[in-house]
Amino acid sequence: MAETVQFDLVSPERRVASFAVEQVQIPGADGDMTAMAGHAPTITTLRPGVLRVNGPEGEAEYVVTGGFAEISAASISVLAERAIPRADVTQEDIDNLVQAAADALNKAKEFFHNEPGPVDDAAKLLSDMVAMGTHIGLDPNQANL
C-alpha cells in the first residue's frame with residue numbers, strides 16, 4: 001500500500017474534505033501537478049479546474065475555481081475560492097461560472113483600455129472556466145457571451 005498524507009480542502013464557506021490520500025492532482029496556475037507523500041514544501045496558486053484525489057477509499061474529484069495549495073511532506077492543504085464535489089456540479093453552476101467570468105472580461109475591457117495585462121487575465125479566466133465545463137462533460141453556455 002502506498003504511503004498517505006493528510007489532505008484538507010476548504011472554501012470560505014466550509015471544510016469540503018479532510019482525509020488521508022496517496023496523491024492529489026492539482027490544477028496549478030503554472031501547470032498541473034501531482035503531490036504525494038514526501039513532496040518538497042511548495043505553495044502554488046490554483047486555476048479553475050478539477051482537483052483529483054486518490055486514496056485508500058478510492059478516487060474523488062472536486063471542481064475548484066482558484067485559490068492556493070500548500071504542500072509539505074506530510075500534508076496537502078488546498079484553500080479554494082470555491083470548491084464543489086464533482087458529482088454535485090450542475091449545468092447551471094457551470095453556466096453561472098462562465099457568465100461571471102465573461103462579465104469580468106467585459107468589465108476589464110471597459111476599464112483598462114490600453115492595459116492588456118488585466119484584460120488578458122480576465123480572458124484567461126473565461127477560457128479556463130469554459131475548458132473546465134467541457135472537461136467535466138458539461139456544455140458551458142456560451143450563447144450569451
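This is a predicted model: local features need pLDDT of at least 70, side-chain atom pairs count only at pLDDT 80 or more; totals for chains, interfaces and linings use all residues.
Phe 7 is buried, with a relative accessibility of 0%, and its place is in strand β1, which covers residues 5–10.

- Phe 7 and Ala 20 are 13 residues apart in sequence, yet their C-alpha atoms are 5.8 Å apart in space.
- Another pair to look for is Ala 104 and Leu 126, which are 22 residues apart along the chain and have their C-alpha atoms separated by 8.5 Å.
- Ala 104 belongs to helix α1, residues 91–111, and is partly exposed because its relative accessible area is 34%, a value that falls between the 20% limit for buried and the 50% limit for exposed.

**The largest pocket**

- Rolling a probe the size of a water molecule over the atoms shows where empty space is left.
- The largest pocket holds about 210 Å³ of space.
- It is lined by 15 residues, and the closest to its centre are Pro 27, Asp 32, Arg 47, Gly 49 and Val 50.
- Two or more lining residues come from each of these elements: β3 (23–28), β4 (31–36), β6 (49–55) and α2 (116–135).
- Helix α2 gives the largest share of this lining, with four residues.
- Sorted by class, the lining of the largest pocket has seven nonpolar, four polar and four charged residues.

**The second largest pocket**

- The second largest pocket contains about 160 Å³ of space.
- Its lining is made of 13 residues, of which Leu 46, Arg 47, Pro 48, Thr 65 and Leu 125 are the closest to the centre.
- At least two lining residues are supplied by β5, and at least two by α2.
- Once again α2 provides the largest share, four residues.
- In this lining you will find four nonpolar, four polar and five charged residues.

**Salt bridges**

- Side chains of opposite charge can pair when their charged atoms come close.
- There are five salt bridges in the structure, and three of them are described here, starting with Arg 47 and Asp 32, whose closest N and O atoms are 2.4 Å apart.
- Arg 47 sits in the loop between β5 and β6 while Asp 32 sits in strand β4, so this pair ties together parts that are 15 residues apart in sequence.
- Arg 47 is partly exposed at 22% relative accessibility, whereas Asp 32 is exposed at 57%.
- Glu 61 pairs with Arg 52, and their closest N and O atoms are 2.9 Å apart.
- Both partners count as partly exposed: Glu 61 has a relative accessibility of 26%, and Arg 52 has a relative accessible area of 22%.
- Arg 82 forms a salt bridge with Asp 93, with 3.9 Å between the closest N and O atoms.
- Because Arg 82 lies in the loop between β9 (75–80) and β10 (83–85) and Asp 93 lies in helix α1, the pair ties together parts that are eleven residues apart in sequence.
- Arg 82 is partly exposed, at 33%, but Asp 93 counts as buried, at 16%.

- Ile 43, Phe 68 and Leu 79 make a nonpolar surface patch of about 330 Å².
- Ile 43 is found in strand β5, residues 42–46.
- Ile 43 is exposed because its relative accessible area is 65%, and exposed means over 50%.

How values were computed
Residues are numbered from 1 along each chain as its sequence is written. Side-chain values use heavy atoms; hydrogens and water are left out. Patches are made of residues with over 30% relative accessible area and no salt bridge: like charges are joined within 9 Å, nonpolar side chains (Val, Leu, Ile, Met, Phe, Trp, Tyr) within 5 Å. Accessible areas come from the Shrake-Rupley method with a 1.4 Å probe; for residues, only the protein chains shown count as cover. A salt bridge is a side-chain nitrogen of Lys or Arg within 4 Å of a carboxyl oxygen of Asp or Glu. Buried means under 20% relative accessible area, exposed over 50%, partly exposed in between (1.4 Å probe, protein chains only). On a 1 Å grid over the protein atoms alone, a cavity is a set of points where a 1.4 Å probe fits but cannot get out, and a pocket is an open set with protein on both sides within 12 Å along at least five of seven lines; lining residues have an atom within 4 Å of a point. Grid points are joined across faces, edges and corners, and a volume is the space filled by probe spheres set on the points. Ala, Val, Leu, Ile, Met, Phe, Trp, Tyr, Cys and Pro count as nonpolar, Asp, Glu, Lys and Arg as charged, and the others, Gly among them, as polar.
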